Amino acid sequence: MDENIVIPQDMLPHDGRFGSGPSKVPPQALHELTHEHSSVMGTSHRQAPVRALVARLKECLADLFGLPEGYEVVLGLGGATLLWDALAFSFIENRSQHVVIGEFSARFAEVIAAAPHLATPELIEAPLGTAADPRASSEVDVYALIHNETSTGVCLPVHRVDGGLVVVDATSAAGGMWVDPLEFDVYYFSPQKCFASDGGLWVALCSEAAVERIASVTSGRYVPPSLDLGLALVNSRKDQTYNTPALATLILMLNQIEWMLVAGGLAWAAARCLESSSCLYSWAERSPYATPFVAQESARSPVVGTIDFDDSVDAPAVARILRRNGIVDTEPYRKLGRNQLRIGMYPAVEPSDVERLTRCVDFVVGTMHE
Ligand SMILES: *Cc1c(COP(=O)(O)O)cnc(C)c1O
């Protein structure tokens, strides 16, 4: 088959980045990074200019999520993956329950299952592409939920469960989906998804109960310093991180949050993602060869769309052809192994570009089959 298909220039999206993380960084933000913000690059994270940046980031996040009195923004290095290890040491007392619906939720559960100082976690599992609910249990002190399972494109509601603190992996959801802070104790994420920045940082929005839990757990057992959320909290309160952060990551993230706040905040950003995803899913439903992977409509992610192709269409070949035309990172999650495209539709992505993408896919498939 000829993979040298050329998509007409006027059909292409204005920006071809549809990755689910890392994801599109707005060209304007990169321009500002190298102009207005360039003098802060290469300066100390213990001095006023960078600390003011961290302070502003914390303020803007509190504003974006409407954090109630007593909630704190905590940040550190290593991304959401490192935070899983930190939660194992600094947060779970004895036993946690995990909703496991894909690769990312499974990985956190594996970290906990392997921790010798913790009990075997309770798992609530569901087949890939479907959702599951946590169940109240007298055996656990933490419920680990996931707001958006990036590997499958399934989203779940965030709500409290009796008897434990609610910890939510919102790595790909935060900033693109609505959430009520009263429903969580820890809501954590990385900046390279909805926040259109670079990786390497984790951010956790923590309730008062979460802050108390960190204090009690970290005073009762050995905790490696880089995984000590108590130390992260002390540093965050001083507008710093425990060790050196990537300044460009902070600057780009702040830029994106300020852009969201000016445009209308979290509700606006969530509506924008919904506009993009509605376009994608309705196209797939109309398509003779594509179908949304997630059958249950209410569980279809507004930020990461997974679209199955029937056997007549070679999805990996479509992704390769798109890539040659500058439309990148539409490949499905590597371990899912489906004949699928996965489309990141974070707030930075223009809804009109999602529409253009669907037309490009139709063009490529039509031309492949000529
Ligand atoms: C991307 C992602 C992670 C991992 O984030 P890192 O910053 O790479 O550590 C964890 N959970 C979810 C749901 C993700 O989408």
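This is a predicted model: local features need pLDDT of at least 70, side-chain atom pairs count only at pLDDT 80 or more; totals for chains, interfaces and linings use all residues.
Residues are numbered from 1 along each chain as its sequence is written. Local features need pLDDT of at least 70 and side-chain atom pairs count only at pLDDT 80 or more, while totals for chains, interfaces and linings use all residues, and side-chain values use heavy atoms, with hydrogens and water left out.

Student: How far apart do the C-alpha centres of domain 1 and domain 2 lie?

Tutor: Let's start with the bounds, which come from an automatic or database domain assignment. Domain 1 is made of 12-26 + 265-368, and domain 2 is 27-262. In contact (heavy atoms within 4.5 Å) are 37 residues of domain 1 and 35 residues of domain 2. Their C-alpha centres are separated by 26 Å.

Student: Which residues touch the most other members of the largest nonpolar core?

Tutor: A nonpolar core is a set of buried Ala, Val, Leu, Ile, Met, Phe, Trp, Tyr and Cys residues joined through side-chain atoms within 4.5 Å. Buried means under 20% relative accessible area, exposed over 50% and partly exposed in between, using a 1.4 Å probe and protein chains only. The largest such core has 94 residues, and domain 1 and domain 2 each supply at least three residues to this core. The members with the most partners are Leu 61, Phe 65, Phe 184, Tyr 187, Tyr 188, Phe 189 and Phe 195.

Student: How much of the ligand's accessible area does the protein cover?

Tutor: There are 14 residues around the ligand (a heavy atom within 4 Å), and Thr 81, Thr 150, Asp 169, Ser 190 and Lys 193 come nearest. A ligand oxygen is 2.4 Å from a side-chain N or O atom of Thr 150, and a ligand oxygen is also 2.6 Å from a side-chain N or O atom of Lys 193. On its own, the ligand has 390 Å² of accessible area (Shrake-Rupley method, 1.4 Å probe), and the protein covers 88% of it.

Student: Is Ser 301 buried or exposed?

Tutor: Ser 301 sits in the loop between β10 (290-292) and β11 (304-309), where strands are DSSP E runs of at least two residues, numbered from the N terminus. Leaving aside residues up to four places away in sequence, Ser 301 touches Asn 148, Gly 153, Val 154, Cys 155, Ser 277, Tyr 281 and Met 345. Because its relative accessibility is 0%, Ser 301 counts as buried.

Conventions: A polar contact is a pair of N or O atoms within 3.5 Å; within protein, one must be able to donate a hydrogen and the other to accept it, and residues adjacent in sequence count only if both atoms are side-chain atoms. Helices (H or I, at least four residues) and strands (E, at least two) are DSSP runs, numbered from the N terminus.
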